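The stops below may be selected one after another.

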Amino acid sequence: MPVSEPTLPLDADSLLRLAAQSTFDTFAQTAMGVMVVDRAHRIVWISEGYKRFLPALGHEESDFVGRRVEEVVPNTLMAQVIETGQPILVDLLTNQAGTFLVSRLPLRDAAGRVIGAMGMVLLDHPETTMQPLIGKFNRLQRDLDSARQQLAEHLTRERRPKYSIASFIGASAAAMEVKRQARRVAQSDSTVLLLGETGTGKELLAHAIHAAGARAAKPFVGVNIAAVPDALLEAEFFGVAPGAYTGADRKGRDGKFRLAHGGTLFLDEIGDMPLPLQAKLLRVLQEQEVEPLGSNQVQHVDVRVIAATSRDLAAMVRSGSFRADLFYRLNVLPIRVPPLRERLADLEALADALADDIARRSGMPHRSLAVDALELLARQPWPGNIRELRNVLEQASLMTDDLVLGARHFAGVVADAPALPQAPASAAPASAAPAAAPRIAGVKSLPQAVAELEAQAIREALAATGGNKLAASRLLGIARATLYEKLNTA
């Protein structure tokens, strides 16, 4: 009786079961190694061929079943296959046992749910049999590592702090107390709230606190909430998932929390944050987790937050325009930055430092301040504080070639400054220069006589003050910077 030819089952279910069984048997027999893990990433079965790779990975043949695959096989992506349900058909796996050509497939139950994954070693020395492909892979890997290193270095340079605590100019009691508090809070990771009027130096202090703390080598990321439209704030803070909305970047975009991971996030003008976003910010501060816009994946972040505001947050809480729970979460380590009118003893030092910066940025020579100019500036209310002081000094510096600014140089810039003297109507035009006077033996020129008189006065003042230049400048009625300048040119 003739033997009948084997036939395929006719129903789809039987056909699929046969195909799955045949595929598994083929892989198990032809692959150099096969591993099966369950939904919890635990190894449940491993082929005899795979066992020969285990000693190079530091494992005995009897201690792998039941362990998580990540603990047994370094750099494996089996967990990714389980979580996404997507196969990785061809990949190169490199660890201390060598380089392998591998394939990874998800395992599903009858309802289509992922219940595990199967990984197969197709080749154990692909560098010998697939040299062109492996060479290209190695070049791409080196290029990728180099690009990542350059990007990390660039971000570190771009996001590094610009100021230190020493950059907060002043030796008054108020300034010294701010510096003391800044050094103290820099030693912790708790949230800092900087309170003060506009222009008092809150951003500078935020940089300084970061630079003095353990996160100094990590990114410092700042965002001015008042400068970002309300509709974009959520994306700015938490990022955007790939393709979250029409026009969104297909690769997605990290938010400020992710950019500041490991470092410090400075939230300037926190009082301008809209109420709906306040609730989300509170959750991030409590849980240290963010969820990008358009995503359901939660990302862990390690961020130290420094917030600043020129508004009265306590009053805003009472009026209902700022959440009380967020206020208490931010107000862990509050520092009040005093206005300029409360530390006028620092005015001269601040003006000198600002004049140096103005000269450096503009390319102009350094301008020092005469005593009457300092007295004039000390009488001002300074609602814009140090930012306003810089603006006033820059305006006065740009309007004259004089190296010493007196009170008259601030006419039109400061309210009660004396008016500049007007040239007489009969004065000769600038183009009509007077003829040079003949020199007479024994008679000094006026500039020479003035220079000698100044030098003598400086020597006498330094002798009278025991070489104390600050005291000497006050005795002479000139700014300390002016005294240094004259000493350097003497």
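Select Thr76, which lies in the loop between α3 (69–72) and α4 (78–84); helices (H or I, at least four residues) and strands (E, at least two) are DSSP runs, numbered from the N terminus. This is a predicted model, in which local features need pLDDT of at least 70 and side-chain atom pairs count only at pLDDT 80 or more, while totals for chains, interfaces and linings use all residues. Residues are numbered from 1 along each chain as its sequence is written, and side-chain values use heavy atoms, with hydrogens and water left out.

Is Thr76 buried or exposed? Thr76 has a relative accessible area of 16%, so it is buried (buried means under 20% relative accessible area, exposed over 50%, partly exposed in between, with a 1.4 Å probe and protein chains only). Next, display Val69, Glu70, Leu93 and Arg104: leaving aside neighbours within four places in sequence, these are in contact with Thr76 (contact means heavy atoms within 4.5 Å).

Now move to Thr191, in the loop between α7 (173–186) and β6 (192–195). Thr191 is buried, with a relative accessible area of 7%. Apart from neighbours within four places in sequence, Thr191 is in contact with Val305, Arg329, Leu330, Val332 and Leu333.

Then select helix α9 (residues 230–238) together with helix α11 (residues 275–287); their axes come within 11 Å and cross at roughly 10 degrees. Axes are lines fitted to C-alpha atoms, for helices over the stretch in contact, and angles run from 0 to 180 degrees between N-to-C directions. The crossing angle therefore makes α9 roughly parallel to α11 (angles under 35 degrees count as roughly parallel, over 145 as roughly antiparallel, 65 to 115 as roughly perpendicular and the rest as oblique). Show the side chains of Leu233, Glu234, Phe237 and Phe238 in α9, which meet Leu277, Lys280, Leu281 and Val284 in α11.

Finally, select helix α14 (residues 347–362) and helix α16 (residues 385–398), which pack at an angle of about 55 degrees with their axes 10 Å apart. This angle makes α14 oblique to α16. The contact is made by Leu347, Leu350, Ala351, Leu354, Asp357, Ile358 and Arg361 of α14, and by Ile386, Leu389, Arg390, Leu393 and Glu394 of α16.

To finish, display the whole protein chain, which has 19 helices and 14 strands. Of its 490 residues, 37% are buried.
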